[in-house]
Amino acid sequence: MTKPSKPLLRDDAPIRSRPRRQRDPAQPNLPLDPMPARIEPCLALLRAKPPKGDDWAYEIKWDGYRLAVHIEPTGIRILTRSGLDWTHRFPAIKQAAMWLPVGTAILDGEAVVLDEQGRSDFGLLQQSLGGRGGKKMSSDAIFMAFDLLYFDGHDLRNSELDMRRHLLEDLVPAGGEGDIRLSEEIETDGDQLLASACEHNLEGIIAKRRNAPYSSGRLGDWVKIKCVQSESFVIVGYERSTVARAGIGRLLLAARKGKKLVYVGGVGTGFNERSAAELREQMDKLIISKPAVDTGRKRNAVFVRPELVAEIEYRAWTHDGKLRHASYKGLREVQDEAMVYEVE
């Protein structure tokens with residue numbers, strides 16, 4: 001399969017660093033900062049509109065799995081957001097990382113599979129990995145690098161974004177078509193970029209503070225603005241159908257409200273034969289006699305333990321807190337630690 005190239009929307013200063021503790025003798029080439037074994041990722045807050053001002057940088061939002069690529073003296077490690085080692089599942093990305101002109105580094109980015117128009121497609125990525133819980137290797141996935149956290153013995157997390165991007169762009173040049181590519185910063189107004197992203201049927205954009213260090217967690221230095229709302233919800237059951245694929249008429253969904261789950265409606269579109277069959281197989285292992293949440297009176301409903309998390313697109317909410325115009329996108333991996341939507 002030929003991997004499509006990215007279509008669409010297309011300060012130089014010294015690194016400051018200091019030794020933090022005694023050098024690990026197992027890392028003889030790192031004279032300054034010891035290399036972290038793992039870094040908790042910086043996460044983006046959802047906002048309705050792009051922030052304004054010259055202190056914000058904008059990128060396209062990619063729809064895939066968040067990964068950290070560690071280039072170490074002992075080899076390459078590719079870690080999921082929860083810290084699992086998935087190096088073996090992305091052989092093409094591993095090979096590309098080996099060819100990067102750097103001794104040690106940690107790249108932050110997203111593994112994606114692009115469709116024929118060059119848009120990231122979460123469903124295609126899942127299929128390439130064998131579905132939720134699958135064990136397949138994906139040679140179709142590419143890595144969109146958007147941050148550099150460690151570089152040749154220097155921990156860059158306390159450096160501002162512009163500095164980190166400058167070094168990243170030297171390492172992964174813009175316009176490349178390999179298995180590791182640069183998620184390019186786009187010089188434009190946030191509102192214009194969002195409008196262009198939506199016109200091209202992309203998921204949305206990301207805005208990042210230029211002068212901010214890299215902070216783990218969801219603190220607001222990065223924000224995401226979506227064209228179509230897309231969030232993760234827990235599957236609590238399904239309604240049977242004699243005509244729908246795999247007998248699934250509609251999935252029953254829940255969101256978090258404090259420490260509890262609350263019913264937020266259902267979704268009956270977005271399935272194909274393959275995804276419906278996968279869903280049915282997963283849900284049939286989790287059937288319970290009583291619903292985990294109050295779903296109201298449902299005919300032909302089958303209830304399941306609230307363990308599966310689905311990514312759902314939707315247009316709006318009803319006045320009574322139910323999803324409107326919802327469409328199923330796929331199951332999230334447990335290892336991806338998808339944040340289940342929280343209602344007010």
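In this structure I71 touches M35, I76, A97, L100, V102, G103, T104, A105 and L107, leaving aside residues up to four places away in sequence, where contact means heavy atoms within 4.5 Å. The model is predicted, so that local features need pLDDT of at least 70 and side-chain atom pairs count only at pLDDT 80 or more, while totals for chains, interfaces and linings use all residues. Residues are numbered from 1 along each chain as its sequence is written, and side-chain values use heavy atoms, with hydrogens and water left out.

**Overall make-up**

- The chain has five helices and 19 strands, which are DSSP runs numbered from the N terminus (helices H or I, at least four residues; strands E, at least two).
- Of its 344 residues, 52% count as buried, a term for under 20% relative accessible area, with exposed meaning over 50% and partly exposed in between (1.4 Å probe, protein chains only).

**Nonpolar cores**

- The largest nonpolar core has 33 residues, of which V69, I71, F90, L107, L148 and I180 touch the most other members; such a core is a set of buried Ala, Val, Leu, Ile, Met, Phe, Trp, Tyr and Cys residues joined through side-chain atoms within 4.5 Å.
- Two or more residues of this core come from each of β3 (65-72), β4 (75-80), α1 (91-98), β5 (105-112), α2 (122-128), β6 (142-151), α3 (161-171) and β8 (180-182).
- Another core, of 24 residues, lies apart from it and has Y238, L253, L286 and A326 among its members.

**Strand β6 and its partners**

- Strand β6 is largely enclosed by the rest of the structure, because 10 of its 10 residues are buried.
- β6 pairs with β5 in the antiparallel sense over eight bridges, with I106 opposite Y150 in β6; two strands pair if DSSP finds at least two bridges between them.
- With β8, strand β6 pairs in the parallel sense over three bridges, and here F143 stands opposite I180.
- Two bridges join β6 to β7 (residues 154-155) in the antiparallel sense, Y150 standing opposite D155, and in this hairpin, which has two residues between the strands, D152 takes a positive phi near 45°.

**The four-stranded sheet and K226**

- An open sheet with mixed pairing runs in the order β1-β10-β9-β2, and its edge strands, β1 (45-46) and β2 (56-60), each pair on one side only.
- Strands β9 (residues 204-209) and β10 run antiparallel and are joined by five bridges, with I205 opposite I225 in β10.
- K226 is found in β10 (residues 222-226) and is buried, with a relative accessible area of 9%.
- Not counting residues up to four places away in sequence, K226 touches L46, K61, E203, G204 and E231.

**Aromatic rings and charges**

- The whole structure holds 11 aromatic pairs, counted for rings of Phe, Tyr and Trp (its six-membered ring) whose centres lie within 6.5 Å, with planes under 30 degrees apart taken as stacked, over 60 as edge-to-face and the rest as tilted.
- Y65 and W86 form an edge-to-face pair, 5.9 Å centre to centre with 75° between the planes; Y65 lies in strand β3 and W86 in the loop between β4 and α1, so the pair ties together parts that are 21 residues apart in sequence.
- Y65 is buried at 2% relative accessibility, W86 is buried at 6%, and Y65, W86, F90 and F122 form one aromatic cluster.
- The charged end of R89 sits over the ring of W86, 4.5 Å from its centre, the criterion being NZ of Lys or CZ of Arg within 6 Å of the ring centre and within 35 degrees of the ring normal.
- K208 lies over the face of W222, at 3.9 Å from the ring centre.
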